[in-house]
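Colleague: Before I use this model, I would like to know what stands behind its labels. Please go through them one by one.

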Amino acid sequence: MPNIDYAKLTVDYRTSVQKVEMGLWEKIYYPEIIRGLSITAWHFFRNMTIHTLRAFGMAREKRGAVTYQYPEERRPVHRRYRGRHRLTKKEDGSERCTACMLCETICPTDCIYITPEEHPNPGVEKHPRQYQIDILRCCFCGYCVEACPCDAIRMDTSVMELSDWDRTRLVYDKEYLMRDVAGPGAPPEYAPPVWWLK
Ligand code: SF4
Ligand code: SF4
């Protein structure tokens, strides 16, 4: 371990900026402004024309700049996108989670709250009586998913609507986390909810 006196360290932010030398054309300034405005105008009028033609049933093969018409049109996300958590289930519909507390322990934001209890089935040691995730505190690091030895928690729902008018509803409980939801990254056995298909 090097003996570093951190008090004497200074950061020269000027060295972290890559300087680009301007040529005469850029130094004159106005030609670049005109060039930038012409590029913006070209895209504006092109897209306006294409979208207007498409509104009247023409130029269907052309595609202008696209803005996703959310929420009717949803942007596809990668399979590895970390969306809202879900608790996976066994074939009998019960939770896979064995309340081992690993996810709660590793969570860097302390947003998982588990209350373990004895499982009524003597063949299963424990299960969570209560499993809550305070999604407002979650930083979506995925550590809980990585730590789980039972594949009991996943973040593959692709659900990104994590807002509400009431903060208390953003502490998701076990029943909510066990609901079947699906997104592009979710396994096919999880049927998409109705609002997804609308
Ligand atoms: S994704 Fe990270 S912050 Fe969120 S619950 Fe899991 S471990 Fe905690
Ligand atoms: S979700 Fe996984 S890591 Fe978390 S308590 Fe349950 S079994 Fe353990």
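Modeller: Two strands pair if DSSP finds at least two bridges between them, and helices (H or I, at least four residues) and strands (E, at least two) are DSSP runs numbered from the N terminus. The model is predicted, with local features needing pLDDT of at least 70 and side-chain atom pairs counting only at pLDDT 80 or more, while totals for chains, interfaces and linings use all residues. Residues are numbered from 1 along each chain as its sequence is written, and chains are lettered from A and ligands numbered from 1 in the order in which they are written.

Colleague: How do you know that β2 and β3 pair?

Modeller: Seven bridges join β2 to β3 (residues 126-134), and the definition asks for at least two. The two strands run antiparallel; E117 has H127 in β3 as its bridge partner.

Colleague: What makes β2 and β5 edge strands?

Modeller: The open sheet has the order β2-β3-β5, with antiparallel pairing. β2 (112-118) and β5 (171-172) each have a single partner strand, so one side of each is left without a neighbour in the sheet.

Colleague: Why are no residues around ligand 2 called charged?

Modeller: Only Asp, Glu, Lys and Arg count as charged; Ala, Val, Leu, Ile, Met, Phe, Trp, Tyr, Cys and Pro are nonpolar, and the others, Gly among them, polar. The shell around ligand 2 divides into twelve nonpolar, one polar and no charged. Among its 13 residues (C-beta atom, placed from the backbone, within 6 Å), C97, C100, L102, C103 and C148 are the closest.

Colleague: Which classes occur around ligand 1?

Modeller: Eleven nonpolar and two polar residues, with no charged ones.
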